[in-house]
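Visitor: Please show me the model, and I will ask about its parts one at a time.

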Amino acid sequence: MLPLLTVTKPMFIPFIVAGDPRPDITVELALALQEAGADILELGVPYSDPLADGPIIQRAAARALRQQMTLQKAIELIPAMRKKGVKIPIIIFTYYNPVLQLGKESFFALAQKNGANGVLIPDLPFEESAPVRKLGEAAGIPLISLVAPTSKKRIAMIASNAQGFVYCVSSLGVTGVRDTLPETLHEFLAEVKRHSRVPVVVGFGISKSEQVSMLKHYCDGVVIGSALVQKIEQLSDRLQTPEKKEEALAEFRRYARSLAAPLNETVQ
């Protein structure tokens, strides 16, 4: 279960895709992210129709699917990560269809058995999530809620009932690397924080340390996905070449640390 989060500084929450570029390398990337200062890891499950994801994560999902990665295999990577030394909470990020295919009860039993600390299902509306939420509560696994700027009147309902943390979608559209973020983002985050009893984190489009530096004043954590997945894509060949793997992992670790560096600075 996701531990009760005591936020002393804004959290660094990276996202990677299970099985990209290979399942065994996903485990090593998870450790590299912990070493780079990650507080929580979002482990994405590849899906053939990723509605919330842009081209970078779509390509990563395609690579992982070619590696025969499935929802079950992704969840079963968690014990391998623990054995490797990953101690931070691990959140399973999956679309709803694979959960239905596996069976909701089987999904939570598998997640509990393998030590998942939370679940995030981006295409499951809050209003339709009660059965899944109850199964998660029974298994001790919180269902993380997403809230978007377009949620309007739903913000209070979603934020006040959030478990673990509430994930704020920074901008409209799909995930990706963006040069700019909405000027009204801080107002949206303030509105969510007004209603939330759990930490408020923000993601979608955050790809530069300058953006992280700005956002840390308004939230309890920052999710970085596409920028890291793009870096994995660039390093893919080297990561899969035995004599170059350690050097590539070190470069990935440095890159992740540079993105998250503002979070370790004192918030004024």
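Visitor: Which hand does the β-α-β unit made by E5, helix H8 and E6 have?

Guide: This is a predicted model, where local features need pLDDT of at least 70, side-chain atom pairs count only at pLDDT 80 or more, and totals for chains, interfaces and linings use all residues. Residues are numbered from 1 along each chain as its sequence is written, and side-chain values use heavy atoms, leaving out hydrogens and water. Helices (H or I, at least four residues) and strands (E, at least two) are DSSP runs numbered from the N terminus, and a crossover is right-handed if, with the strands pointing away from the viewer, the path from the first strand over the helix to the second runs clockwise. The unit formed by E5, helix H8 (residues 154–160) and E6 is right-handed.

Visitor: Which residue in E6 is the bridge partner of Ser145?

Guide: Two strands pair if DSSP finds at least two bridges between them. Strand E5 (residues 143–147) is joined to E6 by 3 bridges, and the two run parallel. In E6, the partner of Ser145 is Val166.

Visitor: And which residue in E7 is the bridge partner of Val166?

Guide: E6 also pairs with strand E7 (residues 200–203), in the parallel sense and over 4 bridges. Within E7, Val166 has as its bridge partner Val200.

Visitor: How many strands are in the closed barrel?

Guide: The strands pair in parallel and follow the order E1-E2-E3-E4-E5-E6-E7-E8.

Visitor: Which residues of strand E6 are buried on each side?

Guide: Buried means under 20% relative accessible area, exposed over 50%, and partly exposed in between, with a 1.4 Å probe and protein chains only. In a regular strand the side chains alternate between the two faces of the sheet. Both faces of E6 (residues 166–169) are covered, and the buried residues are Val166 and Cys168 on one side, with Tyr167 and Val169 on the other.

Visitor: What is the relative accessible area of Cys168?

Guide: Cys168 is found in strand E6. Contact means heavy atoms within 4.5 Å, and, leaving aside neighbours within four places in sequence, Cys168 is in contact with residues including Val147, Phe188, Leu189 and Val200. Cys168 is buried, with a relative accessible area of 0%.

Visitor: How many disulfides does a search of the whole structure find?

Guide: A disulfide is a pair of cysteine sulfur atoms within 2.5 Å. The sulfur of Cys219 is too far for a bond, because the closest cysteine sulfur, in Cys168, is 8.2 Å away. Cys219 itself counts as buried at 5% relative accessibility. Over the whole structure, the number of disulfides found is 0.

Visitor: Which residues of H6 are buried, and what arc around the axis do they cover?

Guide: The buried residues of H6 are Phe107, Phe108, Leu110 and Ala111. What covers them includes helix H3 (71–75), E3, helix H5 (96–102), E4 and helix H7 (130–139), while the face turned away carries the exposed residues Glu105 and Lys113. The arc is that of the directions from the helix axis to the C-beta atoms.

Visitor: Which elements do the buried residues of H7 pack against?

Guide: In H7 the buried residues are Val132, Arg133, Gly136 and Ala139. They are on the same side of H7, because they cover an arc of only 125° around the axis. The face turned away from that side carries the exposed residues Lys134 and Ala138. The buried residues pack against H5, H6 and E5.

Visitor: Is Asn114 buried or exposed?

Guide: Asn114 is in the loop between helix H6 (104–113) and strand E4 (118–120). Not counting residues up to four places away in sequence, Asn114 touches Ile75, Glu76, Ile78 and Pro79. At 12% relative accessibility, Asn114 counts as buried.
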